[in-house]
Amino acid sequence: MKGKKQVGGITSAERGETTTAVMCMSATGHFIPPFLIFPRARMNDSLNNGTPSGTQLACNPSGYITVEIFRAWFDHFLLNVYPTADDPVLLIVDGLSSHTKSLAVIDKAKANHLTIIVLPPHCSNKLHPLDVSVMAPFNNFYTSVADTYLRHHPGRVITIYEVGQLMNTAYTKAATTQIVVNEFRKTGLWPFNREIFNGTDFVPSLVTDQSEKIASSESTSIQEQVMPTQNNPPTPTNVDCQLVNIPGPSATASPHNPNTSFEVPPSKIIPLPQINIPRNSRKRHSEKAREITSPIHEQQLISAKAAKDMKAIKLHRKKTTRNKAKTNKTSDMSEDFLCDLCGLCCSNSNDGEDWQVCQKCGTWFYKKLL
């Protein structure tokens, strides 16, 4: 704690490779065996050395999860959960695209009495149980275990073949029942608590709140696109996300307030930073908390897949037409002949390329000579 400001330490390498660990647990403290994704193109049995019991492995050149790998993890999840009609299961995931764009996972979830809900964006630090408590101690334990390994094995580096054993030690320390029960209670998911968050949790959103003068430029472009009619007046949205009142002395304190000792509110001394220019109106898909096993989301995925398939078909037809035209041109020049300008034989050129026919006499000639 005291002493030198810079203390040297042994590290594995300057740059490493990304290995993804997919973890899942229930509100009652039961853990699903982890699912490890290694940055490789092919699987090697040595990667499974020292991993926790029941761990499944997958490989991807980038080391990140994809739609296909998430499909494999979902099969691993079903083998360890066994949902039934009398005992259905609710699966809560974050909004990663690989979690929400697989029709096979949605169909399999419906067939196995399982409902999947996606958390709203930018809220995982408050609503995601893994992000709230489990991942922080797991990362700390893994760093400590890696440092101990490097001290006991001088001159060696940590490769993907040692990740399973190191991860097992850190996972055993972090995956405790008490941590899981507390994290679900802290997020308000179980037991369900709608009032788990107060006004101070939404204070950071005040930074991007804009006044009417600044936001008028953005609202003008929106009104040009959507003009409300008299029969259908505009309906306000996102009402439940607006912060009406912030409790505490920083928002309600005043010189005449008997409940506070502040003569000047702290918000007057050090106010929150406020955006003073219009925000960039980027075209982004609106993300929100949703049930991806619902018919609406399934229909959206079907429509997106149909549009993608139609685009691929049109591109294939375009390439086929271009290749067919090139083949027809070559077939028209199947008869061998000589160029009237240089005497070059057509069969000795590059498959008849760079040849052209005269529009008047119909004689073929090598156009590179022009």
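My entries on rings, cores and backbone follow.

**Basis.** I am working with a predicted model, in which local features need pLDDT of at least 70, side-chain atom pairs count only at pLDDT 80 or more, and totals for chains, interfaces and linings use all residues. Residues are numbered from 1 along each chain as its sequence is written, and side-chain values use heavy atoms, with hydrogens and water left out.

**Aromatic pairs.** I looked up the ring pairs (rings of Phe, Tyr and Trp, the last by its six-membered ring, with centres within 6.5 Å; stacked under 30 degrees between planes, edge-to-face over 60, tilted for the rest), and the structure holds 5 of them. Trp 73 and Phe 77 are a stacked pair, because their ring centres are 5.3 Å apart and their planes stand at 25°. Both residues lie in helix α1 (residues 67-81), 4 residues apart, about one turn of the helix; I take helices (H or I, at least four residues) and strands (E, at least two) as DSSP runs numbered from the N terminus. Phe 77 also stacks with Phe 74, at 6.2 Å centre to centre and 25° between the planes. I noted that ring pairs link Phe 70, Trp 73, Phe 74 and Phe 77 into a cluster.

**Cores.** I then looked up the nonpolar cores (sets of buried Ala, Val, Leu, Ile, Met, Phe, Trp, Tyr and Cys residues joined through side-chain atoms within 4.5 Å). The largest has 21 residues, and those with the most contacts inside it include Trp 73, Phe 74 and Phe 77. Helix α1 gives the most to this core, with 6 residues. Leaving aside residues up to four places away in sequence, Phe 74 touches (heavy atoms within 4.5 Å) Leu 91, Val 105, Lys 108, Ala 109, Leu 114 and Ile 116.

**Backbone.** A cis peptide bond joins Trp 190 and Pro 191, with omega about -10°, and Pro 191 lies in the loop between α7 (177-187) and α8 (212-225). His 113, in the loop between α3 and β5, has a positive phi of about 60° although it is not a glycine, and its relative accessible area of 37% makes it partly exposed.

Definitions and conventions. Buried means under 20% relative accessible area, exposed over 50%, partly exposed in between (1.4 Å probe, protein chains only).
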